[in-house]
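Please keep the sequence and the three-dimensional view at hand while reading.

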Amino acid sequence: MRLVHTNNLADETPTKPTDANTVAEIKVWLDAHNVSYPSNAVKADLLALVNDADA
């Protein structure tokens, strides 16, 4: 039997993102926390959503 390991990005961003994180990392965190965001959202918008979701 062969086991296949899938790369789960949510495991790589367990803590609340900050300005030091990339947009992709912030989106992974938002996805893991079921937070919707517009596809054209910029980093500042995404971080505002993180703060709202974590409040």
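The points below go from the whole protein to its helices, its core and some individual residues.

The structure is a predicted model. The protein contains 2 helices and 0 strands. Of its 55 residues, 22% are buried.

**Overall composition**

- The accessible surface of the protein is about 4,200 Å², and carbon and sulfur atoms account for 51% of this surface.
- Among contacts in the protein with a separation of 6 or more, 24% are between residues 24 or more positions apart.

**Helix α1**

- Helix α1 covers residues 23-32.
- The buried residues in α1 are Ile26, Val28, Trp29 and Leu30.
- Helix α2 is included in what covers these buried residues of α1.
- Just after α1, asparagine 34 has a positive phi of about 55°.

**Helix α2**

- Helix α2 consists of 12 residues, numbered 43-54.
- The distance from the first C-alpha of α2 to its last is 16 Å, close to the 16 Å expected at 1.5 Å a residue.
- Leu46, Leu47 and Val50 are the buried residues of α2.
- An α-helix has 3.6 residues a turn, so residues three or four places apart point the same way.
- The exposed residues Ala44 and Asp52 are on the face of α2 turned away from its buried side.
- The cover over the buried residues of α2 includes α1.

**The nonpolar core**

- The largest nonpolar core is made of 8 residues, namely Ile26, Trp29, Leu30, Val35, Ala41, Leu46, Leu47 and Val50.
- Helices α1 and α2 each contribute at least two residues to this core.
- In soluble globular proteins, nonpolar side chains tend to be buried together.

**Leucine 30, a residue of the core**

- Leucine 30 belongs to helix α1 and is one of the residues of the largest nonpolar core.
- Leucine 30 counts as buried because its relative accessibility is 0%, and buried means under 20%.
- Beyond its neighbours within four places in sequence, leucine 30 is in contact with Val35, Tyr37, Leu46, Leu49 and Val50.
- Leucine 30 and leucine 49 are 19 residues apart in sequence, while their C-alpha atoms are 7.9 Å apart in space.

**The loop between α1 and α2**

- Histidine 33 is placed in the loop between α1 and α2.
- Histidine 33 is partly exposed, with a relative accessible area of 41%.
- Histidine 33 and alanine 53 are 20 residues apart along the chain, and 8.0 Å separates their C-alpha atoms.
- Asparagine 34 lies in the loop between α1 and α2, and its phi is positive, about 55°, although it is not a glycine.
- Asparagine 34 counts as exposed because its relative accessibility is 73%, and exposed means over 50%.
- Tyrosine 37 also lies in the loop between α1 and α2.
- Tyrosine 37 is partly exposed, with a relative accessible area of 23%.
- Not counting residues up to four places away in sequence, tyrosine 37 touches Lys27, Leu30, Asp31, Leu46 and Leu49.
- The side chains of tyrosine 37 and aspartate 31 are joined by a polar contact of 3.1 Å.
- Tyrosine 37 and lysine 27 are 10 residues apart in sequence, and their C-alpha atoms are 8.3 Å apart in space.

**Asparagine 21, before the helices**

- Asparagine 21 is located in the segment before α1.
- Asparagine 21 is buried, with a relative accessible area of 17%.
- A polar atom of the side chain of asparagine 21 lies 2.8 Å from the backbone nitrogen of threonine 18.
- Not counting residues up to four places away in sequence, asparagine 21 touches Ile26 and Lys43.

Notes:
Residues are numbered from 1 along each chain as its sequence is written. This is a predicted model: local features need pLDDT of at least 70, side-chain atom pairs count only at pLDDT 80 or more; totals for chains, interfaces and linings use all residues. Side-chain values use heavy atoms; hydrogens and water are left out. Helices (H or I, at least four residues) and strands (E, at least two) are DSSP runs, numbered from the N terminus. The expected span of a helix is 1.5 Å times one less than its number of residues. Buried means under 20% relative accessible area, exposed over 50%, partly exposed in between (1.4 Å probe, protein chains only). Contact means heavy atoms within 4.5 Å. A polar contact is a pair of N or O atoms within 3.5 Å; within protein, one must be able to donate a hydrogen and the other to accept it, and residues adjacent in sequence count only if both atoms are side-chain atoms. A nonpolar core is a set of buried Ala, Val, Leu, Ile, Met, Phe, Trp, Tyr and Cys residues joined through side-chain atoms within 4.5 Å. Accessible areas come from the Shrake-Rupley method with a 1.4 Å probe; for residues, only the protein chains shown count as cover.
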